[in-house]
Amino acid sequence: MATKAKNLVIVESPAKAKTLATFLGDDYEIKSSFGHIRDLPKKKTGVDVEKNFEPTYEISVGKENVAAELRKAAKGREVWLASDEDREGEAIAWHVCILLGLDPAKTKRIVFHEITKSAITEAVAKPRTVDMKLVDAQQARRILDRLVGYELSPVLWKKVRTGLSAGRVQSVAVRLIVEREREIKAFKASSKFEIVGQFEAKGQQFSAKLPEKLSDQEGAKAWLESAKPATYKVASVDEKPGSRSPGAPFTTSALQQEAARRLGYSVRQTMVLAQRLYENGHITYMRTDSPILSDLAVNAAKDYILKNFGDKYLEARQFKAKGSSAQEAHEAIRPTNLNKLSTGDDKAQQRLYELIWQRTLASQMAPASVLKTDLKVAISTREEQLVASGEVLTFDGYLRVYGGGKDDKLLPKVAVGDELQLVEMLATETYDRAQARYSEASLVRKLEELGIGRPSTYAPTIGVIQDRGYVEKKDVEGEVVKTAQLVLKGGTITEDQLDTTIGADRSKLIPTDLAGIVTDFLIKYFPPIMDYEFTARVEEELDDIAEGKLKWQQALKEFYDQFHPLIDIGEKASRQEATQARELGKDPKTGEPIIVRFARFGPVLQLGPSPDPKDKDAPKPHFAPMPAGVSQDEVTLEQALPMFDLPRTVGKTEDGEEILASIGRFGPYVQVGKVYVSLKEQEPLTVTEAEARVLIAEKKKQIAEREIADFGKLKVLNGRYGPYVTDGKKNAKIPKDTDPKSLDEKAAQKLLDDAPDKPRRFRRRTVK
DNA sequence: CAGTGAGCGAGCTTCCGCTTGACTT
């Protein structure tokens with residue numbers, strides 16, 4: 001064992017500690033703080049607003065061991081604080097000082113942006129001390145977020161539903177999604193007719209279209225009629241060169257977008273894979289807002305490009321960070337060794353690594369050159385001209401490594417005045433598209449653009465807004481519409497009907513009714529928090545604090561004096577208003593009002609007024625489920641009335657048992673005794689006895705096949721993941737080497753006892 | 001991702017930003 005090192009260097013990440021150890025000698029021991037080690041308490045606000053916003057910090061939950069280790073390692077050592085050079089990193093350095101009982105004004109603080117021998121020796125040669133102004137900016141940020149989150153959320157618990165949350169970042173993220181969905185709903189898809197001519201020249205076919213679409217079918221037909229006797233000539237041919245440049249090296253959000261687009265990874269998946277690559281030393285740090293490459297990396301890219309592609313392909317350049325909120329404590333995400341073309345523990349990691357490799361190398365390569373051709377076609381019977389455009393890649397440049405370029409679109413080599421043969425002329429009805437819904441990755445891009453959130457929080461934020469029930473990631477079916485197509489061919493016009501799907505969407509973020517209700521409530525009562533510019537203004541103030549132009553307590557006071565009175569006002573709002581209770585009309589039978597409102601489990605229909613809680617004898621209202629696929633703000637009296645007939649008696653089974661149909665938490669179903677079958681094709685109000693009998697019989701057959709053994713309370717069943725034991729509450733998997741049929745009750749019980757108690761879910765749902 | 005089908009009465013819930021962890025579905 002070597003003698004105890006004289007110095008202790010503390011960094012944020014254990015992977016960084018490992019790399020650093022290879023550069024610093026035996027005089028230095030390197031330890032990691034694993035990010036923040038102290039924070040405001042979890043159970044209470046921990047900020048004394050009366051006492052100038054004095055915070056109370058505690059060792060973060062789960063960090064007790066880290067804190068103890070750091071204390072032990074620091075004894076009798078010179079401590080060097082080497083956390084990241086940004087607001088959070090500076091605060092970590094300060095918290096470490098406090099934890100270790102060191103004086104922040106005297107303890108050595110060093111920073112480096114890249115882990116190289118020279119960067120490290122340079123840093124060690126001239127240490128500074130903790131910058132308290134930067135620390136104060138972090139404290140202001142932390143306390144503001146705490147006050148907003150912990151004062152706002154309880155208002156939602158009282159007014160809308162328990163367990164909800166609101167915050168500077170998540171509430172704006174939800175707002176973006178809610179507003180986009182409303183724009184899409186309000187969008188009226190209108191159709192127009194697009195004219196496209198298919199021509200032939202020099203043995204090659206190409207298409208040319210009319211720049212202006214026609215507004216209706218009559219117009220389209222008249223247009224084609226007028227083109228019947230026409231001849232076609234080349235009116236002009238324009239060739240001009242163009243170029244396309246490579247994108248910047250990856251920041252976190254750019255990596256998330258490209259991995260989603262090219263590899264189909266979720267934002268979370270991308271981060272997990274990148275983390276592994278980072279821990280194994282294959283890539284630089286994956287949470288960064290900077291597209292800047294170190295000199296080392298630029299030189300490595302230059303060498304690689306020269307050696308493998310030649311100097312025609314080289315164009316070294318540096319990119320600038322987008323947005324003013326970038327802190328640039330790290331460099332761009334890049335391979336640590338560009339000569340390694342592929343690496344990673346599995347296929348998924350390899351594909352992500354290769355994407356990063358390609359993007360990094362491409363960023364230092366020459367633009368691609370293209371030759372664009374614009375060809376105009378004159379029509380003898382009309383004034384307008386049809387337009388065709390071609391594009392041919394003349395030099396691949398960076399596209400050689402970072403593909404995704406368009407395919408060449410070739411036009412025949414024709415000259416002005418050349419005759420063109422019409423193959424056919426199409427007039428096709430097309431629909432305008434509404435704005436695109438947000439995907440995980442495009443939401444991250446929007447948040448980054450607004451300066452809201454940080455690289456380390458993008459993925460978790462997307463998780464939180466789903467966990468809270470504000471947003472669901474799903475496919476949208478779209479609707480099939482009939483579109484018309486007119487075809488002029490061989491001098492005659494024919495009419496076709498095509499089936500076209502419009503409004504379909506895959507794997508997009510869709511807001512729930514809850515999201516709309518919470519967003520409307522927050523916008524009405526807490527407009528500053530929901531303002532897209534809010535974070536930008538906060539950032540400016542934090543910069544002022546960091547530069548010593550503003551005291552952090554002063555900044556917080558100004559914010560809080562404006563914010564806190566809003567809480568008092570919001571508290572006075574009625575639940576009726578907050579949950580957007582709405583009277584749809586009166587029940588024709590009883591004359592009682594029918595109300596839709598947002599209850600504990602979502603939107604619900606109510607017949608009769610809510611009773612006064614003090615009046616114990618008041619009649620209770622009737623409740624009914626919402627019709628499937630209808631949202632709270634759309635539902636009508638006509639849709640609501642039949643729902644009160646649920647559960648409906650459909651008929652009887654062959655054995656005389658009653659069949660019921662209704663809508664539950666998981667959608668429409670039919671039921672006989674304890675057997676439930678979800679309805680997919682039919683509706684609970686119209687499903688027939690015969691249909692229900694078939695469904696029930698199928699389900700019963702499935703249940704019978706599912707049952708391997710029945711010990712009364714314990715059952716051995718065949719599930720989708722193989723055989724398992726259940727007591728109705730808890731399930732236990734049966735090991736592969738055990739024949740499920742051979743289990744007796746005792747063995748089954750043992751399996752169940754041995755199984756872990758709570759099936760730990762990665763992501764918890766708020767719905768209990 | 002196994003089955004599930006209620007309707008504001010306990011307890012508790014919540015923020016954003018740093019960092020990884022442990023094994024279960």
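Which residues is histidine 282 in contact with, leaving aside its neighbours within four places in sequence? I opened the predicted model to find out.

**Entry 1: histidine 282**

I located histidine 282 in the loop between helix H9 (267-279) and helix H10 (295-308). Then I listed its contacts, again leaving aside neighbours within four places in sequence. They are Leu277, Arg334, Pro335, Thr336, Lys340, Thr343, Gly344 and Tyr353. I looked at threonine 343 again: its side chain makes a polar contact with the side chain of histidine 282, at 3.3 Å.

**Entry 2: the nonpolar cores**

I turned to the largest nonpolar core, which has 121 residues. Leu352, Leu361, Leu443 and Phe526 touch the most other members. Helix H5 (residues 132-159) gives the largest share of this core, 11 residues. Apart from it I found another core, of 29 residues, including Leu210 and Ile379.

I then picked leucine 443. Beyond its neighbours within four places in sequence, it is in contact with Ala173, Leu176, Ile177, Tyr438, Ile462, Ile465 and Leu509.

**Entry 3: the sheet**

I traced an open sheet of 4 strands, in the order S2-S1-S7-S8, with parallel pairing. Strand S2 (28-32) and strand S8 (108-109) are the edge strands. Each pairs on one side only. Between strand S1 (residues 7-11) and strand S7 (residues 78-81) I noted 4 bridges. In S7, glutamate 78 is the bridge partner of asparagine 7. Last, I checked helix H2 (residues 64-74). Helix H2 lies across S1, S2 and S7, and runs at about 165° to S2.

Conventions:
Residues are numbered from 1 along each chain as its sequence is written. Chains are lettered from A and ligands numbered from 1 in the order in which they are written. This is a predicted model: local features need pLDDT of at least 70, side-chain atom pairs count only at pLDDT 80 or more; totals for chains, interfaces and linings use all residues. Side-chain values use heavy atoms; hydrogens and water are left out. Helices (H or I, at least four residues) and strands (E, at least two) are DSSP runs, numbered from the N terminus. A polar contact is a pair of N or O atoms within 3.5 Å; within protein, one must be able to donate a hydrogen and the other to accept it, and residues adjacent in sequence count only if both atoms are side-chain atoms. Contact means heavy atoms within 4.5 Å. A nonpolar core is a set of buried Ala, Val, Leu, Ile, Met, Phe, Trp, Tyr and Cys residues joined through side-chain atoms within 4.5 Å. Buried means under 20% relative accessible area, exposed over 50%, partly exposed in between (1.4 Å probe, protein chains only). Two strands pair if DSSP finds at least two bridges between them. Axes are lines fitted to C-alpha atoms, for helices over the stretch in contact, and angles run from 0 to 180 degrees between N-to-C directions.
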